[in-house]
Amino acid sequence: MRKELITQMGFKKFLDEFNNLLKIEKPYWVKEKEIAAQFGDRSENAEYISAKEQIRNIDKRLRFLDKIIKNTEAIKTEELSHEKVNFGSQVTILNLDTNEEKMYIIVGTYETNPSENMISNKSPLGKVLLNKSINEEFEFIINNETFVYEILDIKKYNFKVD
């Protein structure tokens with residue numbers, strides 16, 4: 001199975017969350033559950049039920065994060081060329097019909113965040129943008145509507161890795 005690409009920033013974020021849940025959050029809730037269990041009947045013990053639910057949610061998130069960590073390959077985007085649109089590129093495009101400019105950052109599937117203009121390298125637009133050059137025009141079809149864009153700018157996005 002081919003690994004999904006992820007930026008170093010994204011990988012670190014998931015790894016930090018995994019470690020926090022495993023080493024801090026889960027032990028806290030296990031202790032809370034043990035304390036609550038001492039109050040008697042567990043079937044009517046709200047604190048016990050709540051702690052048990054928190055542990056279940058943490059375990060579910062840990063399994064999800066573990067899957068991401070094991071099935072991704074962290075890429076040093078600063079070492080990639082950004083002469084053409086690449087993984088980790090910040091690309092500015094111009095809609096040639098409306099003269100509207102848009103900026104996108106190409107990231108891995110697990111890191112997408114539309115509110116921050118972070119799109120997946122596997123998304124329809126992300127796939128079309130890859131390997132395009134400045135001043136290159138391209139068509140993008142969505143919902144049977146064709147849009148014509150031009151690449152205005154490509155640069156390496158400066159991911160903040162704590």
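**Entry 1: order of elements**

I read the chain along its sequence and found the pattern β-α-α-β-β-β-β-α-β-β. In total I counted 3 helices and 7 strands; helices (H or I, at least four residues) and strands (E, at least two) are DSSP runs, numbered from the N terminus. The model is predicted, so I noted that local features need pLDDT of at least 70 and side-chain atom pairs count only at pLDDT 80 or more, while totals for chains, interfaces and linings use all residues. Residues are numbered from 1 along each chain as its sequence is written, and side-chain values use heavy atoms, with hydrogens and water left out.

**Entry 2: overall form**

Along the principal axes, the C-alpha atoms fill a box of roughly 70 × 35 × 30 Å.

I then turned to burial, where buried means under 20% relative accessible area, exposed over 50%, and partly exposed in between (1.4 Å probe, protein chains only). Of the 162 residues, 35% count as buried. For contacts, defined as heavy atoms within 4.5 Å, I considered pairs at least 6 apart in sequence: 55% of these join residues at least 24 apart.

I traced an open sheet of 5 strands in the order 5-4-3-7-6, with mixed pairing. Two strands pair if DSSP finds at least two bridges between them. Strand 5 (118-120) and strand 6 (137-142) are the edge strands, and each pairs on one side only. From one strand to the next, the twist averages 45°; the axes are lines fitted to C-alpha atoms, for helices over the stretch in contact, and angles run from 0 to 180 degrees between N-to-C directions.

Strand 3 (residues 89-95) and strand 7 (residues 145-156) run antiparallel and are joined by 7 bridges. Strand 6 and strand 7 are also antiparallel, with 6 bridges. I followed E150 of strand 7 to both sides: L94 stands opposite E150, and E150 is the bridge partner of E137. The hairpin of strand 6 and strand 7 has 2 residues between the strands, and N143 takes a positive phi near 50° there.

**Entry 3: the nonpolar cores**

I recorded the general rule that in soluble globular proteins, nonpolar side chains tend to be buried together. A nonpolar core is a set of buried Ala, Val, Leu, Ile, Met, Phe, Trp, Tyr and Cys residues joined through side-chain atoms within 4.5 Å. The largest core has 14 residues, and V91, L125 and F138 are among those with the most contacts inside it. Strand 3, strand 4 (101-107), helix 3 (124-129), strand 6 and strand 7 each supply at least two of its residues. Strand 7 gives the most, with 4 residues. Leaving aside neighbours within four places in sequence, I found L125 in contact with Y104, I119, F138 and F140. A second, separate core of 12 residues includes L21, L65, I68 and I69.

**Entry 4: P27**

I located P27 in helix 1 (residues 8-37). P27 counts as partly exposed because its relative accessibility is 38%. Not counting residues up to four places away in sequence, P27 touches L21 and L22. The C-alpha atoms of P27 and I55 are separated by 9.0 Å, although the two residues are 28 apart along the chain.
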